[in-house]
Amino acid sequence: MMTVLLATVMMIGCTEPEVKTFRLLHWNIQNGMWDGQNDNYDRFVEFVKSKYPDVCVWCEAQSIWKTDSDQPLDKADRYLVEHWGELAARYGHSYWGIGGYRDSYPQVITSKYPIQYVDKIVGDENIIVSHGAGWATIEVEGKTVNIVTLHTWPHAYAYRAEDREASKAEQGGDKYRAKEIQYICENTIGKVTEAENQLWMMMGDFNSRSRVDNEVYGYADNDPKLLVHDYIKANTSYIDVIKEKYPNEFKPTIGSKKARIDYVYCTQPLYDRIVFADVIWDDYTTPVRDPQNLSNFWRPSDHMPILIDFDMK
């Protein structure tokens, strides 16, 4: 029975669905898919094509480093983000858009459907959204789908902390991420009346742990590491897709730390349409540390993608 079930899951996740669904592929592709620079992104394109996605959301969607090195690229030599339209066309997507950002780690959406941005989020005088966020909409089968993308602050110290070691000691990074997620939620789903009855998804690299996985981590109940997802649960109508689908399993999304820090959230009306969801571990996506030991570079990325199918009929 287990063999049959696994084969069925792999078939659903890796082939074009027989019943027409709306398929989302989300992935933090580390440094603008740095691993793809040495083969003109051929393996990356073939992977994406093999999943038949209708919409892709990419975190860290800008080229930063020279090929096979940790030497910075001049901005004029960066293939991405400027050429996402060209790259997306290779796997069948005609539309692309970029969320708000103030550094080298934006999120990009590519799609078979036209994309309309409602807001590109970078923060205000009280809170900087470090890697930015975005709120876009697409129309699928006559239905409006809201897509919120984000990538929160990655460090143990708070953004712009004057004394980084002191900030680490008081878990400033975790507390800062909690402020970011509050700002993002308040300025997206929190702005819309009866959003809980609408089709919303929010996804990204949250750089944070969830209380629902705490059997694995064993943090204290009041540990600030849990603040981000505690806020989402207490203040929004979002459902953690992977945990809800696999309540008795731990599905890590980052290989180096065996942690789950990438999430896709949906409101109930969209969650109810899910026919398949999983973190994709395969021969291509499984992270392998770069042999040169360059910084924290992994191939093809230090994160794994998430694939979700929705029945939009």
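This report covers aromatic ring pairs and charges over rings in a predicted model.

The structure contains 24 aromatic pairs. Such a pair is described by the distance of the ring centres and the angle of the planes. Two of the pairs are listed below with these values.

| Pair | Centre to centre | Angle between planes | Class |
|---|---|---|---|
| Phe44 and Tyr91 | 6.4 Å | 90 degrees | edge-to-face |
| Tyr217 and Phe250 | 5.8 Å | 90 degrees | edge-to-face |

The planes of Phe44 and Tyr91 stand at 90 degrees, so this pair is edge-to-face, the cut-off for that class being over 60 degrees. Phe44 belongs to helix α3 (residues 42-51), while Tyr91 is in the loop between α4 (84-90) and β3 (95-98). The two residues are 47 residues apart, and their pair links distant parts of the chain. Both Phe44 and Tyr91 are buried. They also belong to a cluster linked by ring pairs, together with Trp27, Phe47, Trp58, Trp84 and Tyr284.

Tyr217 has a relative accessibility of 17% and so counts as buried, since the cut-off is under 20%. Phe250, with a relative accessible area of 25%, is partly exposed.

Charged side chains also sit over rings. The charged end of Arg209 is over the ring of Tyr217, 5.7 Å from the ring's centre. Lys251 lies over the face of Tyr246, with 4.1 Å to the ring centre.

Methods: Residues numbered from 1 in each chain as written. Predicted model: local features only at pLDDT ≥ 70, side-chain atom pairs only at ≥ 80, totals over all residues. Heavy atoms only, no water. Phe/Tyr/Trp six-rings, centres within 6.5 Å; stacked < 30°, edge-to-face > 60°. Helix = DSSP H or I, 4+ residues; strand = E, 2+ residues; numbered from the N terminus. Buried < 20%, exposed > 50% of the residue type's maximum accessible area, 1.4 Å probe, protein only. Lys NZ or Arg CZ within 6 Å of the ring centre and 35° of its normal.
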